Structure formats: structure tokens, C-alpha cells
There are 2 protein chains.
Amino acid sequence: MTARSAPDRLLSVLAAFDHDHPALSLTDISRRAGLSLTTAHRLVSALSQWGALERDESGVYHVGLRLWEVAALAPRGLALRQIALPYLEDLYEATHENVQLAVRDGSEVVYIEWISGRSAVGVRIQVGARWPLHATGVGLALLAHSDVASQDAYCAQPLARFTSHTITDPATLRRVLAEVRRSGVAVSSRQVTEDALSVAAPVRGADGSVVAAVSVVVPQRDAQTPALIPAVRLAARGISRALGWQPEPDKPPGG
Amino acid sequence: MTARSAPDRLLSVLAAFDHDHPALSLTDISRRAGLSLTTAHRLVSALSQWGALERDESGVYHVGLRLWEVAALAPRGLALRQIALPYLEDLYEATHENVQLAVRDGSEVVYIEWISGRSAVGVRIQVGARWPLHATGVGLALLAHSDVASQDAYCAQPLARFTSHTITDPATLRRVLAEVRRSGVAVSSRQVTEDALSVAAPVRGADGSVVAAVSVVVPQRDAQTPALIPAVRLAARGISRALGWQPEPDKPPGG
């Protein structure tokens, strides 16, 4: 038997659920969590009683509403989304393209909100989906505004390739990041798929640090990139203000 | 010491977080979860390592992104919201009033999505907020379409009063529920607060059972209730169809 701790075993039951496995039988859970059927049964019962899991009529388990209620308190999850949603809606109204909000988690971006209008085309993103920072617009915006040590560490590791356009050369990535910092906007063209382009801008918290990024993803072929940039920047600034960020005062005219 | 099980103790750490306590110190967690400081420290460490909790620079704990990612798989939480959002947006665009999506959990409604446009007035609802079924439009819509035994049990318990208009008489509630079933729409006027009115309609799943309810909340004084009803019903039917519901074929004209 393993020497796994009690919390570890319980969390392994939750971790058994993912996008490809949103519904699991007790046997599935036991196998995916690496637990005996007896242990899995005991833990699943405790989680179900609490409401973290729900069992449907066919005996299959799903993630439960109670867990969702607790998770809604995550400041980088629903709480951020709640503040951002009106601005994302406005951005969608202005562009009628796919709109995303993402945060950084280690070397990846996690999408915490997106609006994919029924009229919008292009890439479909799942909530909780992850991508490496260097390939996506939101990732470039987040990486460009992280500290130097963190950028150095990221550039020192192998950069995964998704298309022939993905930046995989560290020196090129550094130049792109410098340009993102200078312009305040990140454009990722055909780096994730051959047909998509994203325009992203950083979202700042009350202390001025970058806490998230907002983007629009469009088909690369017809992309009106210059027209998208002001809209994306405006949405990012709106969310930043709602989070308590105060822009630096403008220089006086002619100053 | 208590004889609480290991899962029970770990879940009590998560349950220490709620809307009024979204950020807690280790001491807060230990007190609210009824755990010794040593045990709380051990469990909080395990939860933090996994990503269910995150510690900020000031040493305070928040609910973490990883928990949010798992919770996003809840079919009655984000998963339902994801399907419903475009229809809720359309309803908001059509009315420019507060729009809500709620599910039933026992004798309460839980709000899992709402759009509160910056131009909309009236009641503010928090995600995960709960209300008794008999007071709200969504609650009446959900209760009216639940099975008879469940309705009987609900009507047999004391009905909490929030305003002078709240239905607290079981016989009146039964009449209202019958009317909701007949008309397919629930109107709750001044039952939650003296100034608000909500119009709600049931959302059906693929098997035809009612799985959620959608509503619009407006100031009671200016409420154009007859004009809101078709919009709310349309949104509810749109979400139902997206969930796989097939309406019964219309009777032939003149039939």
C-alpha cells in the first residue's frame, strides 16, 4: 500500500475528474485516483454527503453544486470573472468575436471566462483550459508583465511548437515580450492554430500589478488587427479600473 | 477531541470559506473549522500544495484556482452556465434588466449565473446566494415543476416571511404553484423585497424534467410584466433546446 496522506487521498478523488472525464463510476474513480475500491467508496461517500460530488440516477458521479459554491469564492476564478463580465460583454458587443479572460498559473494560462457568441467563428476554448504562455495572446501579455527572473526561467525552458508560426526561439520570444511591454498589447498570429489570431491586453489590479489578460480571437485571414487593438485595450482598462487600478495621471498637453 | 473522520476535517477547512469570509488566516480557519491549529496547519498545507487554497503575500488564504477548475465541471454549476450564457445575454439585451439562472438545492434556490448590466437597477444577487423556494420567481418555477411529494413536504414546513407580500399560507402557495404549472411562468411580486418583481420560467433538460429556472428581476413600481413574460419564456426555451430538450409537437391548427 502507498503511504499517501489522508488529504492526499481525498484530493485525488477530486482530481480524478477533468474535462475528458466529467462523469465517473466508483470503479473509474478508484482506478483514476489509484485507490482501493473500499477506500474510494468511503471517500466518495464523504464527498457526496458534503455535496462536493453528486450521484445521478445511473449511479455515475459528477462534481457537485456545493464545491462549485465554494470555488465561486476563488479571487482568480469566478470572483474576477464577476467583475470582468460586463466589460467582456461590451467587448463582445463591439466586435462580435470570441472574447477571453485568462490568468497565469505557473508556465500556463488558464481561461477563466470567455464569451463565444453564436455568431462568432474560430477557436473554441473551454473554461479551465490551459495553454503555454508563449503561444497565446493572453499568455504573451501575462509573461511580458511578469518579473525578469520569471521571464528568464520561462525562456530557458523548451518552447513547445503548435504550428509553423509558434515562437520557439528564446531570443525571438524576448524581443516579442519587449514589444508587448512597449505597446501594451500582444498579438499572437497563427501560433496556436494555423487559422487564428488573437489580440490581448493586460488587466491590472489595485496595486498596478498584472493579474489577468483579456483577448479577442479572430480568424487570421480576415483579421482587422488595428481595429481590434483599441477595443481590447479599452476592455482591459475597464476591468482594471473596476479592480481598483488607478492609471497614472496623463502628462499635461504639450508636456 | 472529536471523532470526526479525515475527509470530514478536510472538508470543514473548505467550508470555513463563504461569502462573508472569502479570505481567512490560519487562525480563522482553525476556529471556523473547529480544528486545532496543528491540524488546521497540516490540512491547509495539503490543500495549498494541491492548489485548492492559495496564500497571498499577507499570509491570508483564499480559495484557489485549481478548485475552481475542478468545480467548473459541475453539471449544475459552470457547465450549465456555459450552455445558458448566450441565451441569458440575449435576454439581457432584450430587457436591459437583471437576468438570473438558478437551480434547486433542497428547499432553496441557488443562483448559478446572473447578468447585472451596469444600467440595470434593483436587487443585486451574488453567485451561490440562496433563497427559499416560495419567495422567488425562480423558486416558484422550480417548486411548481417538482414532484407532488416534494411539493407537499415543502408546503408542510413553515414558510419564512421577508415582506408583507411573501406567501406564507400553504393553501395560497398551492394555488400559486398550480397557476405556475398552467401558465408556464412564475411571477413573484414584492415577496423578497418591497420594491422588486421577478418573472421566471422553467428550463428543461433532455428528458423533459425541469433542471433550472431563468428570471428577470425589475423594480416592481415600473414593471411591464406582460411584456417581460414572452422574453423570459423564450430564453428558458432556448436554454432547454440547447440542453437537448425537444418540445412536444404543436397541435395542428384548429385541432
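**Exercise 1. Polar contacts across the interface**

Task: In this predicted model, how many residue pairs are in polar contact across the interface of chain B and chain A?

Solution. 
- Step 1. Take the pairs in which both residues have pLDDT 80 or more.
- Step 2. The rule then finds 4 residue pairs in polar contact between chain B and chain A.
- Step 3. Two or more residues each come from α1 (6–15), α3 (37–50), β2 (61–63), α4 (65–71), α5 (78–95), β3 (98–105) and β4 (108–115) of chain B.
- Step 4. Look for the main contributor. α5(B) gives the largest share, 9 residues.
- Step 5. Sort the chain B side by class. It holds 32 nonpolar, 6 polar and 15 charged residues.

**Exercise 2. Extent of the interface**

Solution. 
- Step 1. Count residues. Chain B brings 53 residues into contact with 53 residues of chain A.
- Step 2. Interface size is often quoted as the accessible area lost when the parts come together.
- Step 3. Read the area. About 4600 Å² is buried between chain B and chain A.

**Exercise 3. Salt bridges**

Task: How many salt bridges are there over all chains, and how many between chain B and chain A?

Solution. 
- Step 1. Search the whole structure. The search gives 22 salt bridges over all chains.
- Step 2. Between chain B and chain A the count is 4 salt bridges.
- Step 3. Inspect an inter-chain example. A:Arg76 and B:Glu54 join their side chains in a salt bridge, at 3.4 Å from N to O. The cut-off is 4 Å, so this pair qualifies.
- Step 4. Inspect an example within chain A. A:Asp28 and A:Arg31 form a salt bridge through their side chains, at 3.7 Å from N to O.
- Step 5. Relate the second pair to its helix. A:Asp28 and A:Arg31 are 3 residues apart in helix α2 (residues 26–33) of chain A, so about one helical turn separates them.

**Exercise 4. The sheet of chain A**

Task: What is the strand order of the 6-stranded open sheet in chain A, and why do β5 and β6 each have one side without a neighbour?

Solution. 
- Step 1. Write the order: β5-β4-β3-β8-β7-β6, with antiparallel pairing.
- Step 2. Go to the edges. β5 (130–132) and β6 (186–189) of chain A each have a single partner strand, so one side of each lacks a neighbour in the sheet.
- Step 3. Neighbouring strands are turned by 30° against each other on average, direction ignored.
- Step 4. Take one strand pair. β3 (residues 98–105) and β4 (residues 108–115) of chain A are antiparallel over 7 bridges. A:Val103 faces A:Val110 in β4(A).
- Step 5. Place the helix. α6 (residues 137–144) of chain A lies across β3, β4, β6, β7 (196–204) and β8 (210–219) of chain A. The helix runs at about 150° to β8(A).

**Exercise 5. The sheet of chain B**

Task: Which strands are the edge strands of the open sheet in chain B, and which residue stands opposite B:Asp105?

Solution. 
- Step 1. Write the order for chain B: β5-β4-β3-β8-β7-β6, antiparallel.
- Step 2. Pick the edge strands. β5 (130–132) and β6 (186–189) of chain B each pair on one side only.
- Step 3. Follow β3(B) and β4(B). They pair in the antiparallel sense over 7 bridges.
- Step 4. Find the partner. B:Glu108 in β4(B) stands opposite B:Asp105.

Note on methods: Residues are numbered from 1 along each chain as its sequence is written. Chains are lettered from A and ligands numbered from 1 in the order in which they are written. This is a predicted model: local features need pLDDT of at least 70, side-chain atom pairs count only at pLDDT 80 or more; totals for chains, interfaces and linings use all residues. Side-chain values use heavy atoms; hydrogens and water are left out. Contact means heavy atoms within 4.5 Å. Buried area is the accessible area (1.4 Å probe) that two parts lose on being put together, summed over both. A polar contact is a pair of N or O atoms within 3.5 Å; within protein, one must be able to donate a hydrogen and the other to accept it, and residues adjacent in sequence count only if both atoms are side-chain atoms. Helices (H or I, at least four residues) and strands (E, at least two) are DSSP runs, numbered from the N terminus. Ala, Val, Leu, Ile, Met, Phe, Trp, Tyr, Cys and Pro count as nonpolar, Asp, Glu, Lys and Arg as charged, and the others, Gly among them, as polar. Two strands pair if DSSP finds at least two bridges between them. Axes are lines fitted to C-alpha atoms, for helices over the stretch in contact, and angles run from 0 to 180 degrees between N-to-C directions.
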